[in-house]
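Subject: Structure for you to look at

Dear colleague,

I am handing over the structure below, and I would be glad if you read my notes with the model open beside you.

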Amino acid sequence: MKDIKRVGLLTGGGDCPGLNAVIRAVVKTLSLKHAIPVIGFEDGFEGLIENRSRPLSYDDASGILQLGGTILGTSNKANPFNHAIKQDGRIVKKDVSAQTLENINRHRLDALVCIGGDGTMTICRQLIEKGVAVVGVPKTIDNDLYGTDVTFGFDTAMSTAAMAIDYIHTTAQSHHRIMLVEIMGRYAGWLTLSAGIAGGADIILIPEIEYNLDAICAKVRERRDHGRNFSIIAISEGAKPKGGQMSVSRVVADSPDAIRLGGVAFKLGDEIEKCTGLETRATVLGHLQRGGSPSANDRLLATRFGVAAADAVAAGKINQMVALQGDSIGLVPIQEIGGRTRTVPVDHPLLEVAKAVGTSLGV
Ligand code: F6P
């Protein structure tokens, strides 16, 4: 077991509600229970590369439990092994891991606690290969991280998306319209499926099940024939038609994962309007889903994760990610995680639940 005397902490990748709750739990547990000082790096791996940091005391971690975002800042571009740098007006990618390791040594850190998603865990895996001791904490609103049943941030985003569907419901009813609500989640449909069921969407479209326009229009018509002259469609940003492509909204050249999805709700909305003759509107929820105060469930999960990560690092149980496994918090080797996306299995019970209450999955 490695002897741990000083720990570095960072939040990497896109933000989500609950990051501050984890920071609080890690810092307070390390300080109160283990007397281990913590150095916080700013803007994720960017701060580690550029040596931007500050000590995090018990007091720094007080009063942040309910705050959205991250007090440390984050970056979904910085990567010590493939870092984008501007040179002569051009973006070039460089391996700056040597300078990153130097910064870790400069602060005499025995281990890093990295709070992040798939991209962060992939970088952690590479750092481990360079001899850095790491403990990971799984975050993302997408809930697509391999190795854990749930990530924190998901529950809050699900409630936000479900509430948005509720709001759309009343205006859909008033105007007898077809309303599409585009929901984040990248290549996984967890957020759309869960929020869609919770919000009572009539049609739910996720990346794992390619949709069929005729089936969607038939469902809308069937509802109208039964006197329901409006329909709500919850659609993942990664949803695509059978044999078709996902809609890419932009390519972020200096990001390790350059593709940003978006816009499918507008495309499909136009097609539905043409095939049904009914007025259609689309709403893209976007970054609203990443904002706000964490739900009680996310605060609870984030605190459990943070305490477990602090206990693991203090005990020298390194190179593991804390994970929810059933009702318990366990540890999963980081080597097994990065680069694998946890999508919705096509036989997942939630799909049966949706179908049982008459929701169409667009096929
Ligand atoms: O992974 C979280 C997430 O919000 C995805 O759901 C979404 O596709 C992506 O990040 C958006 O990234 P950005 O903040 O770079 O636009």
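Asparagine 51 sits in the loop between α2 (45-50) and β3, where helices (H or I, at least four residues) and strands (E, at least two) are DSSP runs, numbered from the N terminus. Asparagine 51 has a positive phi of about 55°, although it is not a glycine. With a relative accessible area of 24%, asparagine 51 counts as partly exposed, given that buried means under 20% relative accessible area, exposed over 50%, and partly exposed in between (1.4 Å probe, protein chains only).

Before you go further, please keep in mind that this is a predicted model, in which local features need pLDDT of at least 70 and side-chain atom pairs count only at pLDDT 80 or more, while totals for chains, interfaces and linings use all residues. Residues are numbered from 1 along each chain as its sequence is written, and side-chain values use heavy atoms, with hydrogens and water left out.

A second residue with a positive phi is aspartate 88, whose value is near 50° and which is likewise not a glycine. Aspartate 88 lies in the loop between β4 and β5 and is exposed, with a relative accessible area of 80%. The strands on either side, β4 (residues 83-87) and β5 (residues 90-94), pair in the antiparallel sense over five bridges, where two strands are said to pair if DSSP finds at least two bridges between them. Alanine 84, for instance, has lysine 93 in β5 as its bridge partner, and β4 and β5 form a hairpin with two residues between them.

Strand β1 (residues 7-11) pairs with β2 in the parallel sense over three bridges, and glycine 8 has isoleucine 39 of β2 as its bridge partner. Between these two strands the chain passes through helix α1 (residues 19-32), and this β-α-β crossover is right-handed; that is, with the strands pointing away from the viewer, the path from the first strand over the helix to the second runs clockwise. Strand β3 (residues 53-56) pairs with β2 in the antiparallel sense over four bridges, with proline 55 in β3 as the bridge partner of isoleucine 39.

How much space lies in the largest pocket? The computed value is about 980 Å³, a volume being the space filled by probe spheres set on grid points that are joined across faces, edges and corners. On a 1 Å grid over the protein atoms alone, a pocket is an open set of points where a 1.4 Å probe fits, with protein on both sides within 12 Å along at least five of seven lines, and lining residues have an atom within 4 Å of a point. Of the 45 residues that line the largest pocket, Gly14, Asn76, Arg186, Asp257 and Arg260 are the closest to its centre. Helix α4 gives the most to this lining, with six residues, and the lining draws at least three residues from each of domain 1 (7-152 + 294-336) and domain 2 (157-289), with bounds that come from an automatic or database domain assignment.

Finally, glutamine 173 is found in helix α5 (residues 154-175), and it is partly exposed, with a relative accessible area of 42%.

With best wishes
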